[in-house]
Amino acid sequence: MVNADRRQAGLPPLAGNACLTAVAKQNAQRMAANQAGSSWNGSDRDAACGLNDPQTGEVAAYWTGGIDAASLNGLFMKNPNDRQTIFFRWYCCAGYAWAVGANGYGYASVEFG
């Protein structure tokens, strides 16, 4: 969905990246364990993936109805900060992960580099 949104904005698609996916998974699991959606300075962790990019980025959120990627993507697109992160033109890669908390909420993290 992120690549579809980027394509509509005239931006190149992002390739998947195992290191960024590992960072996203750690963040999603952290949020699920704490039952709270929040960023966690994932950009510093993303930089450790060694992509030699000028910047890294992160969007993170939760959905009360469990895992619902389409609804969460809609929220990302409505949030100016998340939208700006997703549409940063110099990213080449992304990693994405969900985790479900004991409260049944789905917690998602998307890491960019």
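**Notes on the predicted model**

1. The largest nonpolar core has 16 residues, and those with the most contacts inside it are Leu 14, Val 59, Leu 72, Phe 76, Ile 86 and Phe 112. A nonpolar core here is a set of buried Ala, Val, Leu, Ile, Met, Phe, Trp, Tyr and Cys residues joined through side-chain atoms within 4.5 Å. Buried means under 20% relative accessible area, exposed over 50%, and partly exposed in between (1.4 Å probe, protein chains only). At least two residues of this core come from each of strand 2, helix 4, strand 3 and strand 4. Helices (H or I, at least four residues) and strands (E, at least two) are DSSP runs, numbered from the N terminus.

2. This is a predicted model: local features need pLDDT of at least 70, side-chain atom pairs count only at pLDDT 80 or more, and totals for chains, interfaces and linings use all residues. Residues are numbered from 1 along each chain as its sequence is written, and side-chain values use heavy atoms, with hydrogens and water left out.

3. Phe 76 is in contact (heavy atoms within 4.5 Å) with Val 59, Ala 60, Ala 61, Asp 82, Arg 83, Ile 86 and Val 110, leaving aside its neighbours within four places in sequence.

4. Two strands pair if DSSP finds at least two bridges between them. Between strand 2 and strand 4 the pairing is antiparallel, over 7 bridges. Within that pairing, Ala 61 has Ala 108 of strand 4 as its bridge partner.

5. The structure holds 1 disulfide, a disulfide being a pair of cysteine sulfur atoms within 2.5 Å. The bond joins Cys 19 to Cys 49, with S to S 2.1 Å. The torsion about the S-S bond of Cys 19 and Cys 49 is about -80°, so the disulfide is left-handed. Cys 19 sits in helix 2 and Cys 49 in the loop between helix 3 (42-47) and strand 2, 30 residues apart, and the pair thus links distant parts of the chain. Cys 19 is partly exposed at 33%, whereas Cys 49 is buried at 15%.

6. The whole structure contains 5 aromatic pairs. Rings of Phe, Tyr and Trp (its six-membered ring) pair if their centres lie within 6.5 Å; planes under 30 degrees apart count as stacked, over 60 as edge-to-face and the rest as tilted. Tyr 62 and Tyr 105 are stacked, at 5.5 Å centre to centre and 5° between the planes. Tyr 62 lies in strand 2 (residues 57-63) and Tyr 105 in the loop between strand 3 (93-100) and strand 4 (106-112), 43 residues apart. Ring pairs link Tyr 62, Tyr 105 and Tyr 107 into a cluster. Tyr 62 counts as partly exposed at 38% relative accessibility, and Tyr 105 counts as partly exposed at 27%.
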